[in-house]
Amino acid sequence: MATEKTASEAGLSEREIQIVDLVASGLTNHEIASQLEISKRTVDNHISNILTKTSTDNRVSLVRWALQWGKVCLDKVNCCTLPNNSAIAE
């Protein structure tokens, strides 16, 4: 397995980050293509480029990478929201 790159080393474009988020949501390449109104082949190419840039081997390791570097938020996990100070005082 290749060594994964940090978020800054990967240098993903805004579109690539958008696709990573959709992959993390569990969408297939066909579903991503439909949602973004682009061809499935374009999605395939984006995902191939993303895997190369992040040095990940598959969709699971890509989602793990995205969670590790704060590129996606799943079910209120890894969303970087801070608690309200007044709630802490109570």
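User: Which residues are buried in helix H5 (residues 59–68)?

Analyst: Buried means under 20% relative accessible area, exposed means over 50%, and partly exposed lies in between, using a 1.4 Å probe and protein chains only. Helices are DSSP runs of H or I with at least four residues, strands are runs of E with at least two, and both are numbered from the N terminus. In H5, the buried residues are Ser 61, Leu 62, Val 63, Trp 65 and Ala 66. This is a predicted model, in which local features need pLDDT of at least 70 and side-chain atom pairs count only at pLDDT 80 or more, while totals for chains, interfaces and linings use all residues. Residues are numbered from 1 along each chain as its sequence is written, and side-chain values use heavy atoms, with hydrogens and water left out.

User: Why do residues three or four places apart in an α-helix point the same way?

Analyst: An α-helix has 3.6 residues a turn, so residues at that spacing face the same way.

User: Which residue caps the N-terminal end of H5?

Analyst: The idea to start from is the polar contact: a pair of N or O atoms within 3.5 Å. Within protein, one atom must be able to donate a hydrogen and the other to accept it, and residues adjacent in sequence count only if both atoms are side-chain atoms. Here the cap is Asn 58, with a side-chain oxygen 3.1 Å from the backbone nitrogen of Val 60. Beyond the other end, just after H5, Gly 70 has a positive phi of about 70°.

User: At what angle do H2 and H5 pack?

Analyst: Axes are lines fitted to C-alpha atoms, for helices over the stretch in contact, and angles between N-to-C directions run from 0 to 180 degrees. Under 35 degrees counts as roughly parallel, over 145 as roughly antiparallel, 65 to 115 as roughly perpendicular, and the rest as oblique. For H2 and H5 the angle is about 110°, with the axes 10 Å apart, and the pair is therefore roughly perpendicular.

User: Which residues of H2 meet H5?

Analyst: A contact means heavy atoms within 4.5 Å. From H2, Val 20, Val 23 and Ala 24 meet Arg 59, Leu 62, Val 63 and Ala 66 of H5. Ala 24 has 15% relative accessibility and so counts as buried. Apart from neighbours within four places in sequence, Ala 24 is in contact with Val 63, Val 72 and Leu 74.

User: How do H4 and H5 cross, at what angle?

Analyst: The axes of H4 (residues 40–54) and H5 come within 11 Å and cross at roughly 60°. That makes H4 oblique to H5. On the H4 side, Ile 47, Ile 50, Leu 51 and Thr 54 meet Arg 59, Leu 62 and Trp 65 of H5.

User: Is the crossing of H4 and H5 left-handed or right-handed?

Analyst: A crossing is left-handed if the near helix is turned anticlockwise from the far one by less than a right angle, and right-handed if clockwise. H4 passes H5 in a left-handed crossing. H2 also passes H5 in a left-handed crossing.

User: Where does Leu 12 lie?

Analyst: Leu 12 is in the loop between helix H1 (7–10) and helix H2 (14–24). With 17% relative accessibility, Leu 12 counts as buried. Its contacts, leaving aside neighbours within four places in sequence, are Ile 17, Val 20, Ile 50, Lys 53, Thr 54 and Trp 65.

User: What joins the side chains of Asn 29 and Arg 59?

Analyst: A polar contact of 2.5 Å joins them. Asn 29 lies in helix H3 (residues 29–36) and counts as buried at 14% relative accessibility.

User: Is Glu 37 buried or exposed?

Analyst: Glu 37 counts as exposed, at 74% relative accessibility. This residue is in the loop between H3 and H4, and its phi is near 55°, a positive value in a residue other than glycine. Ser 55, in the loop between H4 and H5, also has a positive phi of about 55° without being a glycine. Ser 55 counts as buried at 14% relative accessibility.

User: How many helices and strands does the protein chain have?

Analyst: There are 6 helices and 0 strands. Of the chain's 90 residues, 30% count as buried. Among contacts with a separation of 6 or more, 59% are between residues 24 or more positions apart.
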